[in-house]
Amino acid sequence: MRVIITNVEPIKVGFSITILVGFGQALWDAEQMETGRIRAGFAQGGTTFWTADTLDGTIIRPGSRKLEIALPASATALMAPKPVTFDFVRGQGADARAIPGKFHWPVDIQVTANA
């Protein structure tokens, strides 16, 4: 499943942002997303440059079948002004499994520098 996110505030290169991703009840339950470790790898051009993780608090579950991802300015500074791709993995090591879906979120530059 490929999901192109539109009508949202784009990630601004060099600025922190929190993005919210919602899931249908069937997928949320089937993937047991209410508990356990979840990671999200962010990539452009096929190279993963940053990973969010429930262990370090960059991914939280605010309720209602949603994952909230806090991207720091240091992560967005690595992005080019074109869509970023991310996906989710539940667990780690031999127990890890990919959660269906690949997300494409818009990225833009800010006119005023983050100084």
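What percentage of the 115 residues in the protein chain do buried residues make up? Buried residues make up 37% of them, where buried denotes a relative accessible area under 20%, exposed over 50% and partly exposed in between (1.4 Å probe, protein chains only).

## Basis of the model

The model is predicted: local features require pLDDT of at least 70, side-chain atom pairs count only at pLDDT 80 or more, and totals for chains, interfaces and linings use all residues. Residues are numbered from 1 along each chain as its sequence is written, and side-chain values use heavy atoms, with hydrogens and water left out.

## Overall architecture

The protein chain contains two helices and 10 strands, assigned as DSSP runs numbered from the N terminus (helices: H or I, at least four residues; strands: E, at least two). Read from the N terminus, the order of elements is β-β-β-α-β-β-β-β-α-β-β-β. The radius of gyration is 14 Å, close to the 13 Å that the globule rule gives for 115 residues, so the chain is as compact as a globular protein of that length. This radius is taken over C-alpha atoms, and the rule is 2.2 Å times the number of residues to the power 0.38.

Along its principal axes, the C-alpha trace spans about 45 × 30 × 25 Å. The chain exposes about 6400 Å², of which carbon and sulfur atoms supply 52%; the areas come from the Shrake-Rupley method with a 1.4 Å probe, and for residues only the protein chains shown count as cover. Of the contacts (heavy atoms within 4.5 Å) with a separation of 6 or more, 67% involve residues 24 or more positions apart.

## Nonpolar core

A nonpolar core is a set of buried Ala, Val, Leu, Ile, Met, Phe, Trp, Tyr and Cys residues joined through side-chain atoms within 4.5 Å. The largest one has 26 residues, and F42, I69, L71, F86 and F88 touch the most other members. At least two residues of this core come from each of β3 (17-22), β4, β5, β7 (66-71), β8 and β9.

With neighbours within four places in sequence set aside, I69 is in contact with I17, T18, I19, A40, F42, W50, A52, T58, I59, F86 and F88.

## Salt bridges

Side chains of opposite charge can pair when their charged atoms come close. The whole structure holds three salt bridges, each defined by a side-chain nitrogen of Lys or Arg within 4 Å of a carboxyl oxygen of Asp or Glu. One joins E31 to R97, with the closest N and O atoms 3.0 Å apart. Because E31 lies in the loop between α1 (25-30) and β4 (38-44) and R97 in strand β9, the pair ties together parts that are 66 residues apart in sequence. E31 is buried, at 11% relative accessible area, whereas R97 is partly exposed at 32%.

R37 and D53 also meet through their side chains, at 2.3 Å from N to O. R37 belongs to the loop between α1 and β4 and D53 to strand β5 (residues 47-53), so this pair ties together parts that are 16 residues apart in sequence. D53 is buried, at 9% relative accessibility. K12, which is buried at 18%, forms a salt bridge with E9, the closest N and O atoms being 3.8 Å apart.

## The loop residue A96

A96 is located in the loop between β8 (84-90) and β9 (97-105) and is partly exposed, at 30% relative accessibility. Apart from neighbours within four places in sequence, A96 is in contact with R39, V89, R90 and G91. The C-alpha atoms of A96 and T76 are separated by 26 Å, with the two residues 20 apart along the chain.
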